[in-house]
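Let's take a walk through a protein together, one stop at a time. Have a look at the picture, and then read on.

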Amino acid sequence: MPSTIRSDQLTAGGVARPGGPGALSGRTVSRVGYGAMQLRRLDRDAAISLLRHAVDLGVDHVDTAYFYGNGFVNEVIAAALRPEDDVLVVTKVGAEPDLTGPIPLRLAQRPEQLRAGVEDNLKSLGLEQLPLVDLRRADHGPGLRPEGDQIVDLDDQLAVMTDLRDEGKIGAIGLSGVSLDGLRQALPAGIACVQNAYNLVARDDEDMVRLCLAEGIAWVPYFPLGGAYAGLPKVTDEPAVIAAAQALTIPTAQIGLAWLLHHTPHTLLIPGTADADHLRANVGAGAITLDEATLAALDAVPTRAGDIES
């Protein structure tokens, strides 16, 4: 008899979920999603086309922010996605565009800035409610650090986020760039996901990964292959990763992504790209099986995340 496919194995469009089904904010989503930041590198038509291709490949979890391209990426998402796609769009607040600075964003941590960020995301996405909003903290991992009036107590931020949830403007709250103590402090507010920098060679957050698993919180690592900042190790440079890729005759990047999916069942991926071939390769990582010997060799790779804390 032919095998049957469970309904949760397919997206709303009837496509097999890359990586299988995962849980996020009470929804079933494909474990391989898409981080939309790189869409700002494309023109509008090309960005819409790439996002439609992602949906056709089974992606139904898209990560974005108003400060990605000063609203451009959100506007592309609003134009590209259709209600029948049933894509969960996750946004974030805690930063804002900075068109004149050395990098195109700056922190926006104060409660009134968080509220303004939610309004910017609502308007640019054309939504009445944001399903899930990540509060981008800046007290852990690589990147910006708060100074002056941008040093804000987490409880003050959670107060405005829960107010926004009570008002119906957001559906759920996530955290990004948060420390283990910060996550523990935030648990009573109800946290749907955590986005932190994490990958095979940067695993200092292992205790947080396990806490999220125990609490039913989705773990959504960014920089899944490392290398985005100077001094950040690259997963694809690791001899064990190269050896595994050669044995399976697949790209090294797929090994790094596949390891994350194998590592814990609550891990969801949001690799970003502006290239259709890379998109297909990222999605394809969800179909890769790593045997016990390969996993043991990858698990033995030392973590060097402490070298890139800033």
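How many strands form the open sheet, and in what order? There are 7 strands, arranged as 3-4-5-8-9-10-11, and their pairing is parallel. Strand 3 (34-35) and strand 11 (218-219) stand at the edges with a single partner strand each, so one side of each has no neighbour in the sheet. A strand here is a DSSP run of E with at least two residues, a helix is a run of H or I with at least four, and both are numbered from the N terminus. Two strands pair if DSSP finds at least two bridges between them. In general, strands of a sheet pair through backbone hydrogen bonds.

Before going further, please keep in mind that this is a predicted model: local features need pLDDT of at least 70, side-chain atom pairs count only at pLDDT 80 or more, and totals for chains, interfaces and linings use all residues. Residues are numbered from 1 along each chain as its sequence is written, and side-chain values use heavy atoms, leaving out hydrogens and water.

Now zoom in on one pairing. Strand 4 (residues 61-63) and strand 5 (residues 88-93) run parallel and are joined by 3 bridges. Asp63 has Val90 as its bridge partner in strand 5.

The largest pocket holds about 1,200 Å³ of space. Of its 45 lining residues, Met37, Gln38, Tyr222, Phe223 and Ala228 are the closest to its centre. Helix 8 (252-263) and helix 9 (276-284) each supply at least two residues of this lining. The second largest pocket has a volume of about 300 Å³. It is lined by 13 residues, and those nearest its centre are Leu81, Arg82, Val87, Val89 and Leu127. (A pocket is an open set of points on a 1 Å grid over the protein atoms alone, where a 1.4 Å probe fits, with protein on both sides within 12 Å along at least five of seven lines; lining residues have an atom within 4 Å of a point. The volume is the space filled by probe spheres set on the points, which are joined across faces, edges and corners.)

Finally, look for aromatic rings. The whole structure has 4 aromatic pairs, meaning rings of Phe, Tyr or Trp (its six-membered ring) with centres within 6.5 Å; planes under 30 degrees apart count as stacked, over 60 as edge-to-face and the rest as tilted. Phe67 and Tyr68 are edge-to-face, at 5.4 Å centre to centre and 85° between the planes. Tyr198, Trp219 and Trp259 are linked into a cluster by ring pairs.
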